[in-house]
Structures are given as C-alpha cells and as structure tokens.
Amino acid sequence: MSAYGREDSEWRSLVDSGREFLVERAKLGKLTSYTELNVTLARRTGCRPFDFERADERAAMGHLLGLIVERDQQIAPSDPPLMLSALVNYLTANDAGPGFYQLAKELQLLPMSASKDEKDSFWIKQVRRLYERHGARPSLA
C-alpha cells in the first residue's frame, strides 16, 4: 500500500489524469476548484473520489497536487518552476489553498516569511505564466 490508503498504480493514474486536466484548464485560461478536480478525477480514472469531510482525505488531495507539480516539472521544466496546482482554488475563494504556498516555500519559490501581498503576487504570476505557457491569454479577474 502506498500513501493515504491508495495503491501506487492509483496514484500514478491520479497524477497523470490530474496533470492532463490542469493543463486543459491552463489552455482555456481558466481556474478550477478542488471539487471540480475531484469529480473529474473520479470520472476519468474510476478511482474513488477524495472525501473532503475527512482531514486525511484533504491531506491526500494536497499530496496529489504536490505530485502533479513534481511530475509537471519533469515533463515541462521551467525556471523558475511553475506550479500547476496554482490553478486549483476553493469554491468560495479566488486564491490557492495554504498547501500551495507551503509547497512554494519548500521549493524555495516563496520566502518562508512571505506576507499576504507576496503570496497573492506569487500566485497571480504563477497563474499568468501557466496560461502563457499553454497558449491561453491571461484572464485573472
């Protein structure tokens, strides 16, 4: 068994499908939500959806997004690195989740003591660069 009660083969499928979906969103110049990503992954892979009512399942989605960022950097390296997970936000917010900023800090893309303004600016730049990389016109509201 791999992490969070899912087999390695399931993680591979989720990473591949998740990356593909996020690239599609980037090409369209659109963000997505955790909920939309979850539903899409379940439909495309046949894997059980993440249960966001449970803390371990929310953590598993965060783990998945980290794996997608890692995989994307292997397939399409950029300097500085782009984080596909920037395209995923909460249904009620126009911003990435705290896990996004934590990963950015771990990747040394964002200072450990980053202010809210620094985080916002970093997120917006990531989204715009993702749109540009995939041929969409930046369209942040």
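At what angle do H1 and H2 pack, and how far apart are their axes?

## Basis of the model

This is a predicted model, in which local features need pLDDT of at least 70 and side-chain atom pairs count only at pLDDT 80 or more, while totals for chains, interfaces and linings use all residues. Residues are numbered from 1 along each chain as its sequence is written, and side-chain values use heavy atoms, with hydrogens and water left out.

## How the helices pack

H1 and H2 pack at an angle of about 125°, and their axes are 10 Å apart. That makes H1 oblique to H2, because angles under 35 degrees count as roughly parallel, over 145 as roughly antiparallel, 65 to 115 as roughly perpendicular and the rest as oblique. Here an axis is a line fitted to C-alpha atoms, for helices over the stretch in contact, and an angle runs from 0 to 180 degrees between N-to-C directions. The helices themselves (H or I, at least four residues), like the strands (E, at least two), are DSSP runs numbered from the N terminus.

The axes of H1 and H3 come within 9 Å and cross at roughly 70°. That makes H1 roughly perpendicular to H3. The crossing of H1 and H2 is right-handed, and H1 passes H3 in a right-handed crossing too; a crossing is right-handed if the near helix is turned clockwise from the far one by less than a right angle, and left-handed if anticlockwise.

## The largest pocket

The largest pocket has a volume of about 460 Å³. Of the 21 residues that line this pocket, the closest to its centre are Tyr34, Arg58, Gly62, Leu65 and Gly99. A pocket is found on a 1 Å grid over the protein atoms alone, as an open set of points where a 1.4 Å probe fits, with protein on both sides within 12 Å along at least five of seven lines, and lining residues have an atom within 4 Å of a point. Grid points are joined across faces, edges and corners, and the volume is the space filled by probe spheres set on the points.

Helix H2 (34–45), H3, S2 and H4 each supply at least two residues of the lining. The lining residues divide into eleven nonpolar, eight polar and two charged, where Ala, Val, Leu, Ile, Met, Phe, Trp, Tyr, Cys and Pro count as nonpolar, Asp, Glu, Lys and Arg as charged, and the others, Gly among them, as polar. Glycine 62, whose place is in helix H3, counts as partly exposed at 40% relative accessibility, on a scale where buried means under 20% relative accessible area, exposed over 50% and partly exposed in between (1.4 Å probe, protein chains only). The C-alpha atoms of glycine 62 and glycine 18 are separated by 12 Å, although the two residues are 44 apart along the chain.

## Backbone features

Most residues other than glycine have a negative phi, and most peptide bonds are trans. Tyrosine 4, found in the segment before helix H1 (8–28), has a positive phi near 55° and is partly exposed at 36% relative accessibility. Glutamine 108 has a positive phi as well, near 60°; its place is in the loop between helix H4 (98–106) and helix H5 (116–133), and glutamine 108 is exposed, with a relative accessible area of 70%.

A cis peptide bond, with omega about 0°, joins aspartate 79 and proline 80. Proline 80 lies in the loop between helix H3 (55–75) and strand S2 (88–89).

## Distances along the chain and in space

Tyrosine 4 and glutamate 57 are 53 residues apart in sequence and 7.5 Å apart in space, C-alpha to C-alpha.
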